[in-house]
Amino acid sequence: MSVIVGAAAPVAIRPRRRVSFRAVFGLSVLLVMGASAVLAPQLAPWDPAKQMLMKRLRPPMWQERGLREHPLGTDHLGRDILSRLLYGGRISLGVGLTAVTLSALLGVTLGLLAGFFGGRADTLIMRIVDVFLAIPYILLVMGVVFALGPSLLTVILVMGATRWVHFARVVRADVLSIREREFVAGARARGNRALRLLLRHVLPNALTPIIVMTTLELAFMIIYESALSFLGLGVQPPTPTWGWMLSDGRNYLATAWWLATLPGLTIMLTVLAVNLLGDWLRDTLDPRLKV
Amino acid sequence: MAPQARLSLFSFVARRLLQSLGVLLGVSVIVFALLHLTGDPTRLLLPLEAREEDVRQLRALLGLDDPLWIQYVRFLSRAVRGDFGLSFKHQVPALTLIAQTLPATLQLTAAGLALALVVAVPAGILAALKRNSVLDAVCSVGVLLGQAMPVYWLGLLLIMVFAVGLGWFPAAGRDGLASLVLPATALGAFSMARIARMARSGMLEVLAQDYVRTARAAGIRTFLVTYKYALKNAAIPLVTIVGLEFGILLGGAVITETIFAWPGVGRLAVDAIFSRDYPLVQAIVAVLATLFVVINLVVDLVYTYLDPRIVYVRSAL
C-alpha cells in the first residue's frame, strides 16, 4: 500500500442553504417508499399473486386499452402491477435494510478491532478484507446463495456476510487516526479499560463515515438484491420482487413496455433517493470525507 | 500513527508481491469452500436415485473421505498448475472453457472502461473548469442517474430503444463491432458516473492548489496552466481508479453478458451455477480473482512510479 504525504485537501467554504433539495427529495421519496411498503396490504388494490388471465398485458390506465382498476396495468399473467410494486418494496427495502445492518455490525466491529489494537489482529482482518475484495461480488454471492438454496434468509445472510469488508476498511482507517488523538490518550491515562475506550471514545468519533457508508451501502444492497432476483437467485416466487418483475418483463420489451420499465423506474428512484441522502449527509457532516 | 520505517523500492515491490500471493491463497480457501457448502459434492454428480454403494465408491474415487485439509492441499496443488478438473456439464477441462470465453469478456470490459473514460474524464474536467454552469448541472444529473441505474435495467432499456425500437444495433450475441455497442454502454455507465465525479472533484482540488495560483500569477496562459500543470496532477488518482474499476467491471460483466447473450466468462459462470457445475464455478472465480489481483498489483506499482510524493511505509503493508 502507498501513502500520500502532505496532500491535505483544501476545505471549501460554502454558503449554507437553509433547506437542501437533496435532503428533502431523498427523505420524502424514501418515506413514501417505506410507508407504502409497510402499508402494502392496506394500499394494494389487488392480491399481488392473483392471476386474471382475461386481463393479461393491459397497459397503464392513461393508455388506450388501459383499465381504471389497474392504474399501472397488468403483467403477462394478468397480475396487477401496482400491487406487485407495493409488495415488492417490502422485499427490496426489507432485505436491503437488514443486510446493511448485518454487514455494518460485522464490519464496524472488525474495523474497530483492527484499527485500535493493530498488530496481528489487524493484519489478519485486513488480509481477509483483501481476499473478499478480490472476488467478483456477484459471483461470490450467486455461488453461495445457490449452494445453500435461495431463500429470503440466505440472501440476507450472504449479502451481509460478504459486504462487511467495505465498512471494516473505512472504519479501520478512521480509527487509526482517532486512537492517536489526545482525548483517547487522556481517557486511557484516567484508567479506562480498552472496551470502554473503544465504545465511549473511539466509536462515537468514527460515526460520521459509518452513517454515510450505511446509506451508500443500502443503495448497493437494493441494486444487488434485485440483480439476484433478476437472475432468478433471489427470494423465490410467488413473492413479488422488483428484480423478478423486471426479469418477467424481459420477454415483453417489444410489446408491453410497462412490464420492465415500471419496476426499473421504481428501483432507480429508490436508489437515487438513498444516494442523494447519503451525499447530503456526507457534505453536511464532514465535507472532507471520502467514502 | 505508529512509527513508520521507510522501505526501499525493491523491498516495497517484494512485499507487495508477497501480499498478492497471500490474497490469492485466501481466495483459494474460499473457492475450495464453495464446493463443500453444497453439502455432499457427489450428490451433484450422481442422479438422485443413485445407489448408496455407488455414492460411496465415487466418494472414495474423488478422495472425499480424506480429511478436509488434505483435500484442500490436493485442490491447491492442482489449481496452481491450472487444473480445476473437468466441467461436470461439458466434460472438458474447466480452464479450457474459460480460455475460450475470456477474450470476449476482456473485450467487453475493455470497451466498457474505454467508453467510460472517454466520456467521463473530459466531462468531469469541463464540469470542474466551468463550475456551476449549465454543463456542470447536466453532468451532475448524469452522474446521479448513472449511479442509480441498475445495469440490468439500463441493458433492457437500451435493447428496447436501440435494438427493438430503432433497430440500430443487434440486441444479443457477439458479431462484429455493432454488437459491442449496447453491452459496453450498459456495462460502462456506472463507471462513467463514478469516474466523472472523481475527475471533477480531483480537478477542483488541483485548481485550488498554490502552484496553480502561482503559475497563473506568473502570467502563464490559462490554457497551459489547465492542461499542462493541473491536468497532469489530477490524473494521478484516476490511475488507481482504473484498476479498481476494471475489477468491478469484470463482476458487472456477469449480469451484462446474461442480458445481451454475450458469450463470455460471465454468462458461462451463470450457466455453471444453474447447472451445479461447481468445478467450473470454482475455476471462474479463481481466474477472475487472479486477474483482479494482478491488475491491481500493476496499477499500484505504476502509481508509485507516477507520484513521487508516495513513500513506502512498513505499517501500511
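This is a predicted model: local features need pLDDT of at least 70, side-chain atom pairs count only at pLDDT 80 or more; totals for chains, interfaces and linings use all residues.
Residues are numbered from 1 along each chain as its sequence is written, while chains are lettered from A and ligands numbered from 1 in the order in which they are written.

Helix 8 of chain B covers residues 178–207 and helix 10 of chain B covers residues 222–260, and the two pack at about 160 degrees with their axes 8 Å apart. Axes here are lines fitted to C-alpha atoms, for helices over the stretch in contact, and angles run from 0 to 180 degrees between N-to-C directions. That angle makes the two helices of chain B roughly antiparallel, the word for anything over 145 degrees. Sorted by class, their contact has 20 nonpolar, 5 polar and 1 charged residues. Nonpolar means Ala, Val, Leu, Ile, Met, Phe, Trp, Tyr, Cys and Pro, charged means Asp, Glu, Lys and Arg, and the others, Gly among them, are polar. Helices (H or I, at least four residues) and strands (E, at least two) are DSSP runs, numbered from the N terminus.

Now for chain A. It has 11 helices and 1 strand, and 46% of its 291 residues count as buried. Buried means 20 or more other C-beta atoms within 10 Å, exposed means 12 or fewer, and partly exposed is in between, with C-beta atoms placed from the backbone. One buried example is A:Ala168, with 25 C-beta neighbours inside 10 Å; A:Ala168 sits in helix 6 (residues 152–178) of chain A. Its contacts beyond four places in sequence include A:Gly107, A:Leu110 and A:Ile125, a contact being two C-beta atoms within 7 Å.

How do the chains meet? The contact takes 45 residues from chain A and 48 residues from chain B. On the chain A side, helix 5 of chain A gives the largest share, 9 residues. That side divides into 34 nonpolar, 7 polar and 4 charged residues.

The largest nonpolar core has 163 residues, and those touching the most other members are A:Leu139, A:Val141, B:Ala269, B:Ile284 and B:Val285. Such a core is a set of buried Ala, Val, Leu, Ile, Met, Phe, Trp, Tyr and Cys residues joined through C-beta atoms within 7 Å. Helix 8 of chain B gives the most to this core, 17 residues. B:Ile284 has contacts beyond four places in sequence that include A:Leu139, B:Ile98 and B:Val265.

Most residues other than glycine have a negative phi.

Notes:
Angles under 35 degrees count as roughly parallel, over 145 as roughly antiparallel, 65 to 115 as roughly perpendicular and the rest as oblique.
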